[in-house]
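Here are a few notes to go with your look at the model.

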Amino acid sequence: MDSSRNNNYGRGRGRGRGNYQNQESGGRGRGSQNHSRPPVQGNQPQQPHHASGYRPPQTTAPQLPHQPVVGVATARPNAWVRGPPSPTPTPFQAPQQPQHLGAGAGSARPNAWTQRPLGPSPPAPPRHTPSAVDLDIQKVKISEEMPVSSSSENKDNQIQPIRRPDKGGILSIRSIPLLANHFPINFNPQNTIFHYDVDVKPMSSSPNDSKLTKKKLRKSELRFIKDQLFSGEDQLKTAYDGEKSIFSAVPLREGQFQVDISQGEDVRSGSYTFVIKLVNELKLSKLRDYLRGNLSYVPRDILQGMDLVMKENPSRKRIAVGRSFFSPDFRSRDDFRNGLAAYRGLQQSLKPTLQGLALCLDYSVLAFRKPWPVMEFLKEHFKGFQVQDVKKSRRAVNDALRGLKVTVTHRRTKQKYTVAGLSEEDTCDIYFDLVDMEGKNPPQRTSLVKYFKEKWGKDIVYQNIPCLELGKGSKSNKVPMEFCVLVEGQRYPKENLDRNTAVLLKNISLADPGERRDTINEMVRSDDGPCGDVARNFGFQLDRNMTKVSGRVIGSPDLKLGAPRPVKVDAVKCQWNLLGKSFVDAKPIERWALLDLTGGDRYKLQEHIFISNLIGRCRSLGNRIEEPVVYRLARMSDLSSVNRVEKLLKGIMEESNRISEGKLQLIVCVMTKKDPGYKNLKWVSETKLGVVTQCCLSGSASKPQGQDQYFANLCLKINAKLGGNNFEVAGKFTHFDARDHVMFIGADVNHPAPMNSSCPSIAAVVATVNWPAANKYAARVSPQKHRCEKIENFGAMCLDLVNTYAKFNKVKPKGIVVFRDGVSEGQFEMVLSQELLDLKNSIYDGDYQPSITLVVAQKRHQTRLFIDNGNSGGRIGNVPPGTVVDTRIVHPLDFDFYLCSHYGALGTSKPTHYYVLWDENSFTSDQLQKLINDMCYTFVRCTKPVSLVPPVYYADLVAYRGRMFQEVAMENQYDSSNAAFDQSFYSLHPDLENFMFFV
């Protein structure tokens with residue numbers, strides 16, 4: 001219950017869309033090195049001292065035989081060495097005749113290292129490029145600004161993620177042959193992609209058309225207009241993003257063109273101006289150089305263009321929803337029989353990998369309304385529906401249809417209309433004034449039935465039911481339902497599905513590995529997949545076979561519990577049970593209360609049985625627990641407001657103080673159901689009163705089966721919240737000694753829902769406070785600007801956690817490993833140049849300079865791993881826990897790998913993609929992979945390894961808890977509308993801030 005999510009806010013982390021945009025860059029070093037050049041990271045070879053701006057020579061690796069345009073780099077310069085200046089690009093000038101000017105790689109992105117006070121980062125300063133990076137122990141000093149000479153020089157100045165320290169790991173208990181959903185792409189490095197900027201606007205025919213010319217055109221309208229201009233073969237040599245960019249395989253004519261659209265098309269009729277201008281020539285040789293290691297920065301503009309080209313075919317033939325392209329057809333077994341069906345949509349992205357450029361393709365499933373005639377839709381949507389029921393169930397029918405898009409069948413048109421509702425009159429009672437468009441005759445009063453017969457030759461069958469009101473405002477018109485058809489691609493919100501349909505959709509989404517692999521292969525090879533005429537015209541060839549790759553299985557660690565001997569985990573699922581075992585450090589529970597919220601419910605809690613079960617299970621795990629000091633019966637309605645919750649909890653605590661000495665340690669809250677009042681309970685207890693609460697559902701607590709496991713899970717949470725130690729890895733973590741004192745940090749940002757435009761984003765940072773077990777965490781949470789991915793107070797929160805570590809251990813950590821969640825590749829430079837700098841500026845103090853490693857953990861990617869033979873994946877067929885891949889499908893230069901640390905019992909397991917951006921602890925591949933895999937066994941809430949390294953998992957829980965606090969602030973409107981941005985509203989009570997209240 002304590003980890004439940006409501007539907008008001010998604011995780012919405014703003015990971016970016018792989019937009020390949022450059023971030024502002026900079027650098028920061030450690031200690032007293034040569035101040036004319038940046039430091040060398042821990043696992044990078046030391047370079048001889050050269051003058052500032054020197055770039056070591058590159059070594060070109062031999063090309064792989066199966067991929068003629070890429071190679072593996074054998075050498076790469078230090079990420080912070082500046083490159084030689086490049087010539088300044090010529091600004092674009094409108095030519096008299098069409099011609100093509102190479103405008104470089106776009107606007108320059110300057111170095112963003114700035115001098116600023118310690119603490120939260122201020123708004124970004126004006127872009128500039130420093131002449132040198134002057135590193136000092138205390139802070140970063142920046143020399144006089146110099147003008148940017150070129151975009152390529154600036155890209156060389158960007159901080160790049162570190163390179164892989166070796167050729168990949170070798171540690172394993174066994175190897176398994178795998179298939180990855182990466183499909184290699186061949187391209188000709190001698191080719192050029194032409195990037196054009198386009199501007200489309202309606203032409204004004206009269207002064208009264210100003211509103212029309214200012215109205216923003218939809219993507220579908222822009223694409224239709226573009227297709228009218230580029231017809232035939234030219235259309236198959238261009239890719240359009242539906243907004244401002246066209247990428248072409250051949251030079252196009254530049255200038256301003258007029259496009260005329262006739263009546264009846266899916267675009268407003270009239271004339272449009274179409275302005276096209278060349279902005280860049282993208283040489284594919286640069287991408288080849290990058291894949292070989294001869295280019296220090298990512299050619300994101302080229303990847304953006306190629307990505308759009310590969311999406312052109314599915315965007316034309318499939319239904320685009322977000323980043324996915326859904327088939328217009330559904331499988332018969334995916335029909336929900338209620339006007340809805342499950343549709344499968346492909347998701348694809350380009351990835352630079354060791355084997356070359358590859359297309360990564362996966363699929364997702366959503367519920368859509370079937371593109372049926374409205375009458376047929378209603379008959380299926382409402383069980384037993386008859387035509388005459390439209391009037392009887394008017395409100396339900398109106399709610400089901402309002403806002404949907406339809407086309408009409410009584411005349412030839414592609415135009416789409418929005419349903420505003422049902423007409424007040426029946427069809428047979430609708431009359432209107434028919435206007436003579438030529439103005440020869442006065443308006444005549446006529447009926448809708450007569451008009452359809454005379455004008456369109458259509459007899460209206462259902463005359464005794466309302467029509468549909470189509471359109472908005474005064475422009476709405478009435479059309480009989482029998483001539484309306486639902487437009488395809490109309491998504492049905494998942495949260496609105498009934499329970500049975502939601503279960504069906506979930507089961508379809510959780511396809512087993514064999515079915516998912518077959519579906520992906522089918523999509524790659526289909527006519528509406530990524531392989532189309534457009535991609536072939538650009539010279540791209542896609543290998544339609546999945547990539548074969550070797551996976552290594554890392555052995556699971558032994559665990560330490562209360563038993564004298566280490567505990568070994570299950571050989572297949574890597575789980576362990578607590579039967580006959582106890583916690584490492586079981587905290588005594590001397591003063592606790594039971595808040596029974598089932599008062600007034602027909603299924604009241606049997607409190608004596610519940611208390612007996614809880615006490616018995618706690619004692620079996622080593623917790624010395626007494627009878628509850630207070631038992632309070634209340635109703636769920638008591639959680640409806642902050643004031644009622646505070647009054648209720650304060651009463652319980654005051655009664656406890658009268659009965660026993662010492663503060664109440666724990667309140668166990670038994671709820672009848674998941675309820676919005678949960679967030680009020682958590683905010684009051686964790687920020688105002690400072691008491692631990694543990695919530696559970698009465699239905700689950702009263703089940704006759706599985707009570708031992710259920711109460712064991714409750715005890716896991718309770719002991720962790722009280723500061724206990726449930727279990728830990730036996731022995732020491734790899735690469736570190738027990739005397740090293742290392743702190744693990746997890747960081748994440750939770751963004752508001754997509755439609756919200758004002759609420760703050762919530763930043764959360766957690767960190768370990770014990771060593772060598774490294775399984776107890778303290779948390780800090782902070783609101784920040786709306787949808788800001790950068791953690792603005794990162795340094796300040798980390799400094800607070802470092803000081804907390806010192807308070808618990810009497811020494812500051814010598815090493816820090818930061819796990820950052822929620823950022824895409826396009827945001828790596830921001831993390832390096834801003835968050836890492838903020839961290840160092842904040843925690844460095846004289847001689848105290850801990851070595852720092854920064855790792856990004858990514859779960860929102862499309863990579864899937866499948867066992868090449870079906871004998872190694874257990875019952876489901878998923879890869880076994882501990883499977884790691886760091887060859888072929890990983891980055892050609894950077895230090896990244898895929899790790900599947902958990903057992904996949906449902907659907908197809910998704911590995912976590914770990915990407916090392918910075919490393920001063922000199923990890924090898926084996927050491928870091930083993931460390932992360934072992935850490936996944938220390939998650940306090942379950943007795944099995946989790947799929948995500950615990951610091952990131954905990955940071956996500958804390959960020960979500962902060963989101964609940966923000967909801968409390970908004971609902972109660974404390975002080976003002978800015979309460980949601982007030983840090984004091986999120987500050988934890990001092991008695992809880994250093995304990996794991998969030999689990």
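1. Strand β35 (residues 815-821) runs parallel to strand β36 (residues 851-858), and the two pair over seven bridges. Pairing here requires at least two DSSP bridges between the strands; helices (H or I, at least four residues) and strands (E, at least two) are DSSP runs, numbered from the N terminus. Across this pair, phenylalanine 819 stands opposite valine 855 of β36.

2. A word on the basis: this is a predicted model, in which local features need pLDDT of at least 70 and side-chain atom pairs count only at pLDDT 80 or more, while totals for chains, interfaces and linings use all residues. Residues are numbered from 1 along each chain as its sequence is written, and side-chain values use heavy atoms, with hydrogens and water left out.

3. Contact means heavy atoms within 4.5 Å; axes are lines fitted to C-alpha atoms, for helices over the stretch in contact, and angles run from 0 to 180 degrees between N-to-C directions.

4. Do look at helix α15 (residues 677-689). Twelve of its 13 residues are buried, so the rest of the structure largely encloses it; buried means under 20% relative accessible area, exposed over 50% and partly exposed in between (1.4 Å probe, protein chains only). The buried residues include Lys679, Trp683 and Glu686. Among the elements covering them are α14 (642-659), β30 (692-697) and α21 (950-972). Glycine 690 follows α15 and has a positive phi, near 70°.

5. What are the residues with the most contacts inside the largest nonpolar core? They are Trp592, Phe610, Phe744, Tyr954 and Phe998, in a core of 153 residues. Helix α21 gives the largest share of this core, eleven residues. Another core, of 50 residues, lies apart from it and includes Leu291 and Leu542. A nonpolar core is a set of buried Ala, Val, Leu, Ile, Met, Phe, Trp, Tyr and Cys residues joined through side-chain atoms within 4.5 Å.

6. Finally, the cysteines. The structure holds zero disulfides, taken as pairs of cysteine sulfur atoms within 2.5 Å. The sulfur of cysteine 428 is 9.4 Å from the closest cysteine sulfur, in cysteine 467, too far for a bond.
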